[in-house]
Amino acid sequence: MTAVESRPPGGGTAQALEALGELGASNTNSSRGQRPIGARVKAFVALTKPRIIELLLITTVPVMFLAEQGVPDLWLVLATCVGGYLSAGGANALNMYIDRDIDALMERTSQRPLVTGMVTPREGLVFGITLAVVSTLWFGALVNWLSAWLSLGALLFYVVVYTMILKRRTSQNIVWGGIAGCMPVLIGWSAVTNSMSWAAVILFLVIFFWTPPHYWPLSMKVKDDYARVGVPMLPVVASNQVVARQIVFYSWVMVAVSLLLTPLGYTGWFYTSVALVTGGWWLWEAHALQNRAKSGATGGKLKEMRLFHWSITYVSLLFVAVAVDPFLR
């Protein structure tokens with residue numbers, strides 16, 4: 001813990017990595033024969049962060065329906081989903097490789113495979129790079145090369161820009177780092193059309209402005225974990241009132257941007273109705289969180305996770321509406 005806490009702001013953690021590597025090597029050498037194959041397979045799957053990838057696919061497939069203005073080729077959908085899983089999985093595996101020093105010290109990440117020794121750092125690195133290469137070739141061969149380069153760009157942005165540069169240096173890490181999570185929207189559109197459009201850009205911006213108010217409530221809940229390892233998430237360096245005010249700001253912009261699709265002619269009454277209802281409920285929850293923060297509520301009384309859980313429902317419903325709307329126009 002001392003090695004991590006004493007690193008210069010935004011700097012590396014060489015001593016922590018060295019100590020962790022030595023510990024991992026020791027554990028691996030002593031228990032290599034005690035790692036069941038089933039548990040090993042589950043560990044490699046866990047490196048891809050499947051639950052996060054589910055959310056990425058929710059924003060990919062509906063956009064393909066919108067781009068097609070109907071049902072896209074189902075083999076193309078399958079190929080895009082598989083490629084997206086491989087690409088995002090590679091990015092997540094490399095993220096865990098880079099962050100294994102702080103993951104070992106954070107309660108919510110202490111059971112990740114590279115921390116427990118179920119997967120060695122070298123295995124995690126090779127696994128991540130392999131998925132990155134395979135996913136790029138997969139997209140190029142079975143979808144198109146525009147989608148391949150967008151996929152590779154998202155992976156590199158997440159690993160290099162967010163994980164290696166922004167995460168440990170600035171409280172704006174999740175704002176700009178979230179760009180990687182917006183890319184599946186562009187990939188879904190390009191998979192069908194092999195081009196870009198304003199509809200894809202608008203949905204990209206919806207996810208861009210959705211990401212901070214989605215993640216900051218979770219960061220508020222686990223800010224002690226981030227503070228312990230020196231990661232300056234906004235709730236670590238700012239008061240609850242400041243964080244809640246930022247959440248409200250991004251929420252209003254997100255809802256406003258989500259309503260641009262209809263006046264530009266890309267969606268109709270169904271999508272607009274869903275965007276208004278779900279967006280209105282989001283704003284209600286965001287302002288409720290701000291009011292609780294202003295009143296000095298802390299701990300369980302702050303109820304910050306209400307907005308976090310709703311944010312997942314919101315984006316799911318909104319993008320289901322994106323897929324359904326073409327059939328009702």
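Begin by selecting D325, which is found in the segment after α17 (305–324). The model on display is a predicted one. D325 counts as buried, because its relative accessibility is 1%. Show the surroundings of D325 next: leaving aside neighbours within four places in sequence, this residue is in contact with T267, G268, W269, F270 and Y271. D325 and P62 are 263 residues apart along the chain, yet their C-alpha atoms are separated by 9.9 Å.

From the contacts of D325, move to W269. W269 is placed in helix α16, which covers residues 269–294. Is this residue buried or exposed? W269 counts as exposed, since its relative accessibility is 55%, and the cut-off for that class is over 50%.

**The whole chain**

Zoom out and colour the chain by secondary structure. The protein chain has 17 helices and 0 strands. Of its 329 residues, 54% are buried. The chain exposes about 14800 Å², and carbon and sulfur atoms supply 67% of that area. Among contacts with a separation of 6 or more, 75% are accounted for by residues 24 or more positions apart.

**Helices α9 and α11**

Select helix α9 (residues 145–166) and helix α11 (residues 179–193). Their axes come within 9 Å and cross at roughly 175 degrees. The two helices are therefore roughly antiparallel to each other. Which residues make the contact? On α9, display L146, S147, L150, S151, A154, F157 and Y158. On α11, display I179, A180, M183, L186, I187, S190 and A191.

**Two residues with positive phi**

Continue past α11 to N194, which lies in the loop between α11 and α12 (198–221). The phi angle of N194 is near 55 degrees, a positive value in a residue other than glycine. N194 is partly exposed, because its relative accessible area is 47%.

Next select Q69, in the loop between α4 (50–68) and α5 (74–98). Phi of Q69 is also positive, near 55 degrees, and Q69 is likewise a residue other than glycine. With a relative accessible area of 43%, Q69 is partly exposed.

**Salt bridges**

Display the charged side chains. The structure holds 7 salt bridges. One of them joins E123 and R40, with the closest N and O atoms 2.9 Å apart. E123 lies in helix α8 (residues 121–142) and R40 in helix α3 (residues 37–47), so this pair ties together parts that are 83 residues apart in sequence. R40 counts as buried, because its relative accessibility is 17% and the class takes values under 20%.

Move on to R112 and D103. Their side chains meet in a salt bridge with an N to O distance of 3.2 Å, and both residues are buried.

Then select R228 and D225. In this salt bridge the closest N and O atoms are 2.5 Å apart. The two residues are 3 residues apart in helix α13 (residues 223–229), so about one helical turn separates them. How do the two partners compare in accessibility? R228 counts as partly exposed at 29% relative accessibility, whereas D225 is buried, with a relative accessible area of 6%. To see a network, select D99, D101, K167 and R168, which are joined by salt bridges that share partners.

**T109, the last stop**

Finish at T109, found in the loop between α6 (100–103) and α7 (113–116). T109 counts as buried, because its relative accessibility is 2%. Not counting residues up to four places away in sequence, T109 touches I102, D103 and V115. T109 and D225 are 116 residues apart in sequence and 9.5 Å apart in space, C-alpha to C-alpha.

How values were computed: Residues numbered from 1 in each chain as written. Predicted model: local features only at pLDDT ≥ 70, side-chain atom pairs only at ≥ 80, totals over all residues. Heavy atoms only, no water. Helix = DSSP H or I, 4+ residues; strand = E, 2+ residues; numbered from the N terminus. Buried < 20%, exposed > 50% of the residue type's maximum accessible area, 1.4 Å probe, protein only. Axes fitted to C-alpha atoms, helices over the stretch in contact; angles between N-to-C directions. Parallel < 35°, antiparallel > 145°, perpendicular 65-115°, else oblique. Contact = heavy atoms within 4.5 Å. Areas by Shrake-Rupley, 256 points an atom, 1.4 Å probe, with all protein chains shown as cover. Salt bridge = Lys/Arg side-chain N within 4 Å of Asp/Glu carboxyl O.
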